[in-house]
Amino acid sequence: MSNTNKPDRDLAAIVIRLTQIIIVLVVFIIALVIALAKFIPAPKPEPVVETPVPDAYGNFTEAGKQSTEQRLKDTINYWKAPDESALEGNSKKESILYGKDLIAHTSVYFGENGKIYNSTNGMNCQNCHLDAGTKVYGNNYSAVTSTYPKYRARSGAIENIYKRVNDCFERSLNGKALDTTSKEMQAIVEYINWLGKDVAKGKKPEGSGFKDLAFLDRAADPEGGKSVYVAKCQSCHQANGEGIMNGDKTAYTYPPLWGEKSYNDGAGLYRLSNFAKFVKYNMPLGASHDMVQLTDEEAWDVAAFVNSQPRPKKDISKDWPKIEEKPFDHPFGPFADGFTEKQHKFGPFKPIKEKQEAMKKNKKSKA
Ligand code: HEC
Ligand code: HEC
C-alpha cells in the first residue's frame with residue numbers, strides 16, 4: 001500500500017509546492033502593480049483639441065469664451081468684459097442685453113427672414129466681433145467708448161459710435177444703415193458702452209481690437225493663399241467661400257468669405273492687414289492670440305487669396321477725401337504716395353508705409 005502511495009504523495013508535495021510558488025508569485029505581482037500605480041506618476045493626457053459645436057444660431061459664444069479664459073495665463077493684464085451678473089438693478093439692463101443679442105444674432109433681426117426687416121447679407125456682427133465683441137484680439141469693442149467720437153480718415157470727419165456701427169451695417173453687412181433713434185441702434189450702442197465702461201477715456205486696453213502682425217518682405221501671394229484655404233479653411237467656409245447656413249436658415253453656421261452674401265469691398269476686412277490679423281489670431285476656429293495655427297506667411301497669403309475673389313461693390317467715391325490719408329493697404333487709387341494699386345493691395349507694404357511716414361513728417365516740418 002505504502003509503496004503504491006509514495007509517488008502519489010511525492011506528486012502531492014510537488015503540487016503543494018507549485019501552488020505555494022504560484023501564490024507567492026501572484027502576491028508579488030499584485031504588490032508590484034500597486035507599487036507602480038502609486039509611485040509612478042500617471043502620464044499626462046494628450047491635450048484634446050475639441051471641435052467647437054455651434055448653438056442653434058451657429059454661434060460659438062460660450063465655448064469660445066471659456067477656452068479663451070482658460071488660456072489667458074500669461075502675465076499681461078488683458079481686458080475682460082464686465083460681468084453680466086453685475087447688471088442686476090441697472091436700469092439699462094434690458095436694453096444692454098438686447099444689444100448683445102442683436103450683435104450675436106443679427107441675422108435673426110435683420111437677415112433674410114429678419115424679425116425687424118431684411119436689410120443685410122445675413123451675417124452676424126459676432127461673426128467678425130467674436131464672442132459678442134468680447135474676445136481678446138478678436139476684434140472686440142473694448143476701446144470704442146473710450147476713443148469715440150474721433151476723427152476718421154475714411155470719412156474725413158469726426159464720427160460718433162452710431163456712425164461707426166452703421167458703417168459696419170453698410171459695409172461688413174452690406175446692408176442699410178439703422179435709424180439712430182431706433183430701439184435697436186440704441187441697444188447696440190448701450191451694450192458697446194457698457195462693455196467699455198471701465199476703460200479710461202482715450203485709452204485702449206491690452207487685447208483690444210486686432211493684434212499687430214509683422215509685414216512680409218514680399219507681396220502677399222494669392223496662389224499660395226489658395227493652398228492654405230483648401231487645407232485649412234474650406235472645410236467650414238466651403239469651396240466657393242459661400243459658407244453654410246444652419247438647418248432652419250436663420251443664420252450662418254459658417255459665414256461666407258466671398259460672393260454675394262459676404263462683406264463688400266468698402267468693408268474693413270477688405271483691407272489685407274485687417275484680414276490677415278483677424279485670421280492669424282482667430283482662425284481656423286478655435287485659434288487665439290496665444291494659440292495660433294497659421295504662420296505669418298499663411299495669414300497674409302490666405303488674405304490675398306480671399307480678397308481676390310468676387311464680392312459686392314460699394315460706392316466708395318466719397319471715402320478718403322484726403323488721398324494722402326489713405327492707409328498703406330487701401331487698394332483703390334488715386335494715391336498721393338506714387339505706389340500702384342497692386343502694391344497697395346498685396347504689398348510689399350513696408351516701402352509704402354515708410355514713404356507715407358516720410359511724407360507726413362515732411363508736411364509737419366513745412367507747416
Ligand atoms: C465682415 C466682418 C464684420 C462684421 C460682420 C461686422 N464688423 Fe464691425 N468691424 C469689422 C472690422 C474689420 C473693423 C475694424 C475696421 C478697421 O479698423 O478699419 C470693425 C470695426 C467696428 C467698430 C469700431 C471698433 C473700434 O474699436 O474702433 C464697431 C463699433 C463695429 N465694427 C460694430 C459692428 C456692428 C454693430 C456690427 C453688426 C451690425 C459689425 N460691426 C459687423 C468687421 C466687421
Ligand atoms: C472649424 C470651422 C472653421 C474653419 C476651419 C475656419 N473658420 Fe473662419 N469662421 C468660422 C466660424 C464659425 C466663424 C464665425 C465665428 C462666430 O460667429 O463666432 C468664422 C469667421 C471667419 C471670418 C469672419 C467672418 C466672415 O465670414 O467674413 C473670417 C474672415 C474667417 N473666418 C476666415 C477663415 C480663414 C481664412 C480660415 C482658414 C485659415 C478659416 N476661417 C477657417 C469657422 C471656421
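Student: Which residues come nearest to ligand 2?
Tutor: Of the 25 residues around ligand 2, the nearest are Cys 233, Cys 236, Pro 255, Met 283 and Pro 284. Being near here means that a residue's C-beta atom, placed from the backbone, lies within 6 Å of the molecule. Bear in mind that this is a predicted model, where local features need pLDDT of at least 70 and side-chain atom pairs count only at pLDDT 80 or more, while totals for chains, interfaces and linings use all residues. Residues are numbered from 1 along each chain as its sequence is written, and chains are lettered from A and ligands numbered from 1 in the order in which they are written.

Student: Which elements give two or more residues to the shell around ligand 2?
Tutor: Those are helix H10 (234-237) and helix H11 (272-282). H10 has the largest share, 3 residues. Helices are DSSP runs of H or I with at least four residues, strands are E runs of at least two, and both are numbered from the N terminus.

Student: And how does the shell around ligand 2 split by class?
Tutor: There are 18 nonpolar, 6 polar and 1 charged residues. Ala, Val, Leu, Ile, Met, Phe, Trp, Tyr, Cys and Pro count as nonpolar, Asp, Glu, Lys and Arg as charged, and the others, Gly among them, as polar.

Student: Why does ligand 2 lie between domain 1 and domain 2?
Tutor: Because domain 1 (91-195) and domain 2 (212-367) both give residues to the shell around ligand 2. The domain bounds come from an automatic or database domain assignment.

Student: OK, ligand 1 now. Which residues come nearest there?
Tutor: Cys 125, Cys 128, Cys 168, Ser 172 and Gly 268, out of 25 residues around ligand 1. Helix H7 (161-170) and helix H8 (183-195) each supply at least two residues of the shell around ligand 1, and H7 gives the most, with 4 residues. By class, the shell around ligand 1 has 16 nonpolar, 8 polar and 1 charged.

Student: Where does ligand 1 lie?
Tutor: Domain 1 and domain 2 both give residues to the shell around ligand 1, so ligand 1 lies between them.

Student: Switching topic: what about the largest nonpolar core?
Tutor: It has 57 residues, and Ile 188, Val 302 and Ala 303 have the most contacts inside it. H8 gives the most to this core, with 8 residues. The core also draws at least three residues from each of domain 1 and domain 2. A nonpolar core is a set of buried Ala, Val, Leu, Ile, Met, Phe, Trp, Tyr and Cys residues joined through C-beta atoms within 7 Å.

Student: What does Val 302 touch?
Tutor: Leaving out residues up to four places away in sequence, Val 302 touches Gly 225, Val 228, Tyr 229, Cys 233 and Val 279. Touching, or contact, means C-beta atoms, placed from the backbone, within 7 Å.

Student: Last one: is Pro 82 buried or partly exposed?
Tutor: Pro 82 is partly exposed, because 14 other C-beta atoms lie within 10 Å. A residue is buried with 20 or more other C-beta atoms within 10 Å of its own, exposed with 12 or fewer, and partly exposed in between, with C-beta atoms placed from the backbone. Pro 82 sits in the loop between helix H2 (61-71) and H3. Not counting residues up to four places away in sequence, Pro 82 touches Trp 194, Leu 195, Lys 197 and Asp 198.

Key: Contact = placed C-beta atoms within 7 Å.
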